[in-house]
Amino acid sequence: MFSNLYNIYWFIRAARKPSERRRHYRYAAVEKKRLLDLGVDREELRLLCRHLINPQNRFAEKSLTAYRDSMKNDQISF
């Protein structure tokens with residue numbers, strides 16, 4: 001489901017020219033809007049994009065995994 005987003009953010013990280021980065025950020029915005037229309041959780045999408053823009057940011061990765069774990073626990077304990 002998120003494969004296009006992973007690809008787009010890779011291009012953002014690899015782009016050297018500001019115009020290339022802006023173009024790929026526009027592609028990412030369209031993809032995020034499409035995912036939200038499909039019913040993806042807004043907070044999970046925000047945390048995923050935060051992690052994808054800088055994969056070395058361990059705090060972003062921790063936040064994403066903690067949020068996903070909390071959502072699993074919430075779904076189990078109804």
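Modeller: Start with helix 2: its face turned away from the buried side carries the exposed residues Pro 18, Arg 26, Val 30, Lys 33 and Asp 37. Exposed means over 50% relative accessible area, buried under 20%, and partly exposed in between, with a 1.4 Å probe and protein chains only. Helices (H or I, at least four residues) and strands (E, at least two) are DSSP runs, numbered from the N terminus. This is a predicted model, in which local features need pLDDT of at least 70 and side-chain atom pairs count only at pLDDT 80 or more, while totals for chains, interfaces and linings use all residues. Residues are numbered from 1 along each chain as its sequence is written, and side-chain values use heavy atoms, leaving out hydrogens and water.

Biologist: Which residues of helix 2 are buried?

Modeller: The general idea first: an α-helix has 3.6 residues a turn, so residues three or four places apart point the same way. In helix 2, the buried residues are His 24, Ala 28, Glu 31 and Leu 35. Seen down the axis of helix 2, these fall within an arc of 70°, so they line one face of the helix; the arc is that of the directions from the helix axis to the C-beta atoms.

Biologist: What do the buried residues of helix 2 pack against?

Modeller: Packing is read from contacts, meaning heavy atoms within 4.5 Å. Here the partners are helix 1 (3-14) and helix 3 (42-53).

Biologist: How far does helix 2 reach from its first C-alpha to its last?

Modeller: The expected span of a helix is 1.5 Å times one less than its number of residues. Helix 2 (residues 18-38) has 21 residues and reaches 30 Å, close to the 30 Å expected. Just after helix 2, Gly 39 has a positive phi of about 105°.

Biologist: Is Glu 44 buried or exposed?

Modeller: Compare its relative accessible area with the cut-offs: at 19%, Glu 44 is buried. Glu 44 belongs to helix 3 and touches Phe 2, Leu 64, Tyr 67 and Arg 68, not counting residues up to four places away in sequence.

Biologist: How many helices and strands are in the protein?

Modeller: There are four helices and zero strands, in the pattern α-α-α-α along the sequence. The C-alpha atoms fill a box of roughly 50 × 30 × 15 Å along the principal axes, and buried residues make up 27% of the 78 residues.
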